[in-house]
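Dear colleague,

I am handing over the structure we spoke about, and below it I set out what was found in it. Please read the notes with the coordinates open beside you.

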Amino acid sequence: MLVAVAVFPGTNCEIDTKYAFEKLGAEVVLVFHKEEKLPEGTDLVVLPGGFSYGDYLRSAAIAKFSPIMKAVIDFANNGGKVLGICNGFQMLVEAKLLPGAMKRNESVHFISKFHPLKVVANDNFFLQKCTIGEVLNIPVAHGEGSYYIDEAGLKELYANHQVLLTYCDEKGNMQNPNGSIDAIAGICNTKKNVFGLMPHPERAIEEILGSKDGVKMLQGFIA
Amino acid sequence: MKVIVNIQLKNGVLDPQGKAVHHALSSLKFNEVNEVRIGKQIILDINESDKAKAEQRVTTMCDELLANTVIEDYTIEFPAC
């Protein structure tokens, strides 16, 4: 299992992401944004969190034109698995590998805290180890995480089981920290090989850090 | 040639920054304000003397990078120098 973690100027979660996947038994390679190719035999590409290009213009607006992103887009279009976490999710949306757009949080504040998430769909690699309705405790850390999609797009997402995770309270009732449409926290594409979520599963892999619910999520890619 | 691009959230897309500023204006007793929408302005200086060509190029720039057309609208202006 070879995981390629892309690193852009301003990315700051690549080491945590590498650590998490190595802990789960994967081989992990960091790939600089100026590279034009992914390592031979890459099984999964992870676009990690951070503030690529200083969030200038819009979050992830500039990262999508990095040389490595061309390779990532080709990889995804050929069925390769791609996971975007936080800024990585924003990149996938900006690159149109995932539908919708990301807006400033409704509160206008940067949110950094643990937040419960509800599993909405598990018929995909990412959440195959989780059960529908299960509540996971995962940290969120973002200022532009308010997911937007128009009504027709939202219907399509539900029809194809592309809504993966929603924000909720500890009991699983809807609770919306950032104003996302339907409190959506994570989605995938129609082919179910491209996944994006704002919360950080790689920060929840050890009990001592508050939760290890992230293990169950990331393990879906390993099995 | 100077070109001004104005970008704003589409009508119907909630603008939380505008809402926060509206709230602040209300608390300063500027009660006549009905709504506040915040956008951004990008000023370009481009090497092109043909206005039509410039407009076409800047439109492409907006669609590819400057605006996210899923949630944002843009206008292109040519200021009188």
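I begin with a single side chain, that of A:Asn178, which makes a polar contact with the side chain of A:His142 at 3.0 Å. Please bear in mind that this is a predicted model, and that every value here is computed from it. A polar atom of the A:Asn178 side chain also lies 2.9 Å from the backbone oxygen of A:Gly145. The residue sits in the loop between strand S9 (163–167) and strand S10 (184–188) of chain A, and A:Asn178 counts as buried because its relative accessibility is 0%. Setting aside neighbours within four places in sequence, the residues in contact with A:Asn178 include A:Asn105, A:Glu106, A:Ile111 and A:Tyr167.

As for A:Leu165, its contacts beyond four places in sequence include A:Leu117, A:Val119, A:Leu136, A:Ile184, A:Leu197 and A:Met217.

A:Ile222 belongs to helix H5 (residues 213–222) of chain A, and with a relative accessibility of 25% A:Ile222 counts as partly exposed.

Where the two chains meet, 17 residues of chain A are in contact with 15 residues of chain B. Together the chains bury about 1300 Å², of which 64% is on carbon and sulfur atoms. On the side of chain A, the residues that lose the most area to chain B are A:Leu57, A:Arg58 and A:Lys103, which together account for 39% of what that side buries. Six residue pairs are in polar contact across this interface, counting pairs with both residues at pLDDT 80 or more. Strand S5 (residues 101–103) gives the most to the side of chain A that touches chain B, with three residues, and by class that side has eight nonpolar, two polar and seven charged residues.

Which residues form a salt bridge with closest N and O atoms 3.9 Å apart? They are A:Arg58 and B:Glu72, and the count between chain A and chain B is one salt bridge. A:Arg58 also meets A:Glu94 in a salt bridge, at 2.8 Å from N to O. Because A:Glu94 lies in helix H3 (residues 87–94) and A:Arg58 in the loop between strand S3 (44–47) and H2 of chain A, this pair ties together parts that are 36 residues apart in sequence. Both A:Glu94 and A:Arg58 are buried, and a network of salt bridges links A:Arg58, A:Lys64, A:Glu94 and B:Glu72.

Over all chains, the search finds seven salt bridges. One of them joins A:Glu22 and A:Lys18, with the closest N and O atoms 3.0 Å apart; the two are separated by about one helical turn, because they stand four residues apart in helix H1 (residues 14–23) of chain A.

With best wishes

Conventions:
Residues are numbered from 1 along each chain as its sequence is written. Chains are lettered from A and ligands numbered from 1 in the order in which they are written. This is a predicted model: local features need pLDDT of at least 70, side-chain atom pairs count only at pLDDT 80 or more; totals for chains, interfaces and linings use all residues. Side-chain values use heavy atoms; hydrogens and water are left out. Contact means heavy atoms within 4.5 Å. Buried means under 20% relative accessible area, exposed over 50%, partly exposed in between (1.4 Å probe, protein chains only). A polar contact is a pair of N or O atoms within 3.5 Å; within protein, one must be able to donate a hydrogen and the other to accept it, and residues adjacent in sequence count only if both atoms are side-chain atoms. Buried area is the accessible area (1.4 Å probe) that two parts lose on being put together, summed over both. A salt bridge is a side-chain nitrogen of Lys or Arg within 4 Å of a carboxyl oxygen of Asp or Glu. Ala, Val, Leu, Ile, Met, Phe, Trp, Tyr, Cys and Pro count as nonpolar, Asp, Glu, Lys and Arg as charged, and the others, Gly among them, as polar.
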